[in-house]
Amino acid sequence: MRNRLFAGAAALAAATALVALQAGPAGATVSGPLLYTDIGAPVNVGDPLSADLVSGTVATMYSTPTGTTGVKCTASHIGGSVAANPSVSPTVSGTASGPVTTLTFSGCTSNVVGVTGVSSLTMDNLPYTLSISDTAGFPVTLAPAAGSVIQATAVLKTLAGTATCTFRSSAATLNGNATNTPPQISLVNQTLTKASGPSICFPTVYFSAAYGPVKDTANGGTVLVN
């Protein structure tokens, strides 16, 4: 009876700790790792992370922030690993980070006049570094390696032949936010300007995409922010 009582108390304590940790992002930060999973498993340094577009959404590179002219892709995949996952608390903030080694797009189409198809859309100069902070709004940054730039290349099929459009981030990083409900990372209207390409390439495009849920493929859990 005593062993059963102790076992039951231990199980209750573990469950209570997990509930408290999961309640953290909805209210105040609780002490523990900045990134954790919905199954209670830790997100360890070295764990691979992976996500596709949020179901029912598309990745877009449009000519204006509120327009619908440009390129859209029905599939995109982001993958990398964890390099830092510090412990945080109500009095200690932190930033988790890691390299993004995969960022791909497929199922891309264009409604630009004169463009008959999209051969490819790629993000160049990988790896990038993805960082997530536990400050208000869970800000996310995607940064290139030192001395490099965020760059995207779109290869378009046109009535005049193939057009290769290269765009670079107007800022040092792409910026977005993470949320736990729903569990996703969103980038909205990130500005890229034309670095090279013919006149059919827009001078400026605005990149938007939402990825989630992010999975820790080492344990199968959905990654949340504390």
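**Cavities, core and an aromatic pair**

Thr-141 is found in strand β10 of this predicted model. In the model, local features need pLDDT of at least 70, side-chain atom pairs count only at pLDDT 80 or more, and totals for chains, interfaces and linings use all residues. Residues are numbered from 1 along each chain as its sequence is written, and side-chain values use heavy atoms, with hydrogens and water left out. Strands are DSSP runs of E with at least two residues, numbered from the N terminus.

- Thr-141 counts as partly exposed because its relative accessibility is 26%; partly exposed lies between buried, under 20% relative accessible area, and exposed, over 50% (1.4 Å probe, protein chains only).
- Leaving aside residues up to four places away in sequence, Thr-141 touches Thr-129, Leu-130, Ser-131, Thr-173, Leu-174 and Asn-175, where contact means heavy atoms within 4.5 Å.
- The C-alpha atoms of Thr-141 and Leu-187 are separated by 9.2 Å, and the two residues are 46 residues apart along the chain.
- Thr-60 has its place in strand β4 (residues 59-62) and counts as buried because its relative accessibility is 11%.
- The contacts of Thr-60, not counting residues up to four places away in sequence, are Val-71, Lys-72, Tyr-206, Phe-207 and Ser-208.

**Nonpolar core and aromatic pair**

- The structure holds one aromatic pair, in which Phe-105 and Phe-207 lie edge-to-face, 6.0 Å centre to centre and with 85° between the planes.
- Rings of Phe, Tyr and Trp (its six-membered ring) pair if their centres lie within 6.5 Å; planes under 30 degrees apart count as stacked, over 60 as edge-to-face and the rest as tilted.
- The pair links distant parts of the chain, with Phe-105 in strand β7 and Phe-207 in strand β15 (residues 204-211), 102 residues apart.
- Both Phe-105 and Phe-207 are buried.
- Beyond four places in sequence, Phe-207 touches residues including Ala-59, Thr-60, Met-61, Phe-105, Leu-174 and Leu-187.

**Cavities**

- Three cavities of 30 Å³ or more are present; on a 1 Å grid over the protein atoms alone, a cavity is a set of points where a 1.4 Å probe fits but cannot get out, and lining residues have an atom within 4 Å of a point.
- The largest cavity holds about 380 Å³ of space, a volume being the space filled by probe spheres set on the grid points, which are joined across faces, edges and corners.
- Of the 31 residues lining the largest cavity, Leu-49, Leu-130, Ile-132, Ile-185 and Val-214 lie nearest its centre.
- Elements that each supply at least two residues of this lining include β3 (48-52), β9 (128-133), β10 (139-143) and β14 (183-196), while β7 gives the most, with five residues.
- By class, the lining of the largest cavity has 22 nonpolar, nine polar and no charged residues; Ala, Val, Leu, Ile, Met, Phe, Trp, Tyr, Cys and Pro count as nonpolar, Asp, Glu, Lys and Arg as charged, and the others, Gly among them, as polar.
- The second largest cavity holds about 100 Å³ of space, and β5, β11 (151-158) and β12 (161-169) give two or more residues to its lining.
- Residues lining the second largest cavity include Met-61, Val-71, Leu-156 and Phe-167; the lining divides into eleven nonpolar, one polar and no charged.

Notes. On a 1 Å grid over the protein atoms alone, a cavity is a set of points where a 1.4 Å probe fits but cannot get out, and a pocket is an open set with protein on both sides within 12 Å along at least five of seven lines; lining residues have an atom within 4 Å of a point. Helices (H or I, at least four residues) and strands (E, at least two) are DSSP runs, numbered from the N terminus.
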